[in-house]
Amino acid sequence: MTEAFLHYLWQHQMLDKRLATVDGQPVVVLSAGTLNRDAGPDFFNARIAVGGVEWAGNIEVHLRSSDWNAHRHSSDKAYNNVVLHVVYEHDADIRLENGTSPATLELRRFLHPSIVANYDSLMTPSIAEGIPCARRLSQVPALVVNSFLDRLTVERIQAKSEVVRRLLDESRGGWEQTCYWLLAHYFGGNVNALPFELLAKATTPGLLARWKDNPQRLEALLMGQAGLLEGNFDDDYPRQLQSDYEALRAGASLVPVDGHLWRFFRLRPSAFPTIRISQMAHLLSSTSSLFSTLLTMTDAAAIARLFNCQASPYWDNHYHFDRPTPKSSVKQLGRMQADLLIINAWVPLLFVYGEMMGSQQYKDQAVALLEQMGAENNRIVRQWTDAGLQPANAAQSQALIQLKTNYCNSRRCLDCRIGHHVIKQIS
């Protein structure tokens, strides 16, 4: 039993309707009041009737009556307007600062055993489950689940928006630059996000625009700024990139990032920084204003095709400079990676743009893009699928990731509509 659960029970009035104080006076709850998450009584502006007399004031909730004294409320004038002390166990008499005693309601006499058992089951799930209500999901109506997932989709986008706002502040409100930085950040995946972001910040949009029509020059610029063109090479292609970069570097006073930042270990070769940088160079050469172009696109499949950029032919049989591979294959950014760029970079950026421009249209468009895309297939989504909840699209899979990471993992079942439905079920 926790005080948070008692707050929850009082707020939602999951109690026996025939309530009475510890001295036998009937209690009728006319209004439970407003939950207070700051200092002071737990519920403001409640209305109750005790023994037929109506009272208006505040409610204080504790596990035990003696907690009132332990928290020194008896000397705090802020609690003088408490009209009911709600406790799980009554073990001591209390007084207000003004010397009077509020009525006391002992909840354990008025709780349905099923509700307590349901809550306990959510708080102590099997380690193998991971999702506290996994065995009870089938009891929750689809309308309850889907309406909550709609809210969580937006909550997930808003959580991702923190990176967008940080980069937007750094770019001083430059949407094109922020778009470039953000896409670069996610081009690197979890492993190389930071060096990719540093690379983007070390390569100005003006310089990129200058060489937009020459993908090889763009690749030379990015590879050089990534610190990957240092030393001597045997192959003609890296030697040409090196020559191009040195010419660009001399004219623009460029300073590359530390090449040792890049990580290759435990990455699939197709995700190596060399391949991703070449692909990004070709993406940047496809349009002079990536943000403006994306802003006009409402079809997720079309955006994915734009992101399905292809590395230079040299990389068909290379993953590193000067180290050919026995098999040749075109190194094109896959649809899964393109979808992740849409989900993690473009959708949050579009949503923030809508918020800052006061445009609901762009915010709705961001959610609509997720709804057009297939659900993700990752460890968290598979946990929900195993529990019987199959997401219909990427909007719902993003919502389920938000639900697992921000609610289930920290046992915030009292804040979850699905958890609320499970708790209130009476056997």
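This report covers aromatic contacts, pockets, a cavity and cysteines in a predicted model.

## Basis

Residues are numbered from 1 along each chain as its sequence is written, and side-chain values use heavy atoms, with hydrogens and water left out. Because the model is predicted, local features need pLDDT of at least 70 and side-chain atom pairs count only at pLDDT 80 or more, while totals for chains, interfaces and linings use all residues.

## Aromatic pairs

The structure holds 18 aromatic pairs. Rings of Phe, Tyr and Trp (its six-membered ring) pair if their centres lie within 6.5 Å; planes under 30 degrees apart are stacked, over 60 edge-to-face, and the rest tilted. Trp68 and Tyr79 have ring centres 5.8 Å apart and planes at 75°, so they are edge-to-face. This pair links distant parts of the chain: Trp68 sits in helix H2 (residues 66-70), and Tyr79 in the loop between H2 and strand E6 (82-89), eleven residues apart. Helices (H or I, at least four residues) and strands (E, at least two) are DSSP runs, numbered from the N terminus. Both Trp68 and Tyr79 are buried. Buried means under 20% relative accessible area, exposed over 50%, and partly exposed in between (1.4 Å probe, protein chains only).

Phe148 and Tyr407 also pair edge-to-face, at 5.9 Å centre to centre and 80° between the planes. Here the partners are 259 residues apart: Phe148 is in helix H4 (residues 142-170), Tyr407 in helix H16 (residues 394-408). Both Phe148 and Tyr407 are buried.

Trp175, Phe291, Trp346, Tyr353 and Tyr362 form one aromatic cluster. Within this group, Tyr353 lies in helix H13. Tyr353 counts as buried, at 13% relative accessibility. Its C-alpha atom is separated by 9.6 Å from that of Val164, 189 residues apart along the chain.

Two lysines sit over rings. A charge counts as over a ring if NZ of Lys or CZ of Arg is within 6 Å of the ring centre and within 35 degrees of the ring normal. Lys201 lies over the face of Trp181, 5.3 Å from the ring centre. Lys331 lies over the face of Tyr319, at 4.7 Å from the ring centre.

## Largest pocket

About 990 Å³ of space lies in the largest pocket. Of its 31 lining residues, Gly189, Asn190, Gln337, Leu340 and Asn344 are the closest to the centre. On a 1 Å grid over the protein atoms alone, a pocket is an open set of points with protein on both sides within 12 Å along at least five of seven lines; a cavity is a set where a 1.4 Å probe fits but cannot get out; lining residues have an atom within 4 Å of a point. Grid points are joined across faces, edges and corners, and a volume is the space filled by probe spheres set on the points.

H4, helix H5 (175-187), helix H6 (189-201), helix H13 (335-357) and H16 each supply at least two lining residues. H13 gives the largest share, seven residues. By class, the lining has 14 nonpolar, ten polar and seven charged residues. Ala, Val, Leu, Ile, Met, Phe, Trp, Tyr, Cys and Pro count as nonpolar, Asp, Glu, Lys and Arg as charged, and the others, Gly among them, as polar.

## Second largest pocket

The second largest pocket holds about 340 Å³ of space. It is lined by 18 residues, and the closest to its centre are Asp23, Ser101, Pro102, Ala103 and Thr104. E6 and strand E7 (103-106) are the elements that give two or more residues to this lining. Its classes are ten nonpolar, six polar and two charged residues.

## Cavity

There is one cavity of 30 Å³ or more. The largest cavity has about 70 Å³ of space. Its lining is Leu122, Pro132, Cys133, Leu403, Tyr407, Cys408, Cys413, Cys416 and Gly419. H16 supplies the largest share, three residues. Eight lining residues are nonpolar, one is polar and none is charged. Tyr407 in this lining is also the ring partner of Phe148.

## Cysteines

The structure holds zero disulfides, a disulfide being a pair of cysteine sulfur atoms within 2.5 Å. For Cys133, the nearest cysteine sulfur is that of Cys408, 6.0 Å away. Cys133 counts as buried, at 8% relative accessibility. For Cys309, the nearest cysteine sulfur belongs to Cys179, 13 Å away. Cys309 is buried too, with a relative accessible area of 6%.
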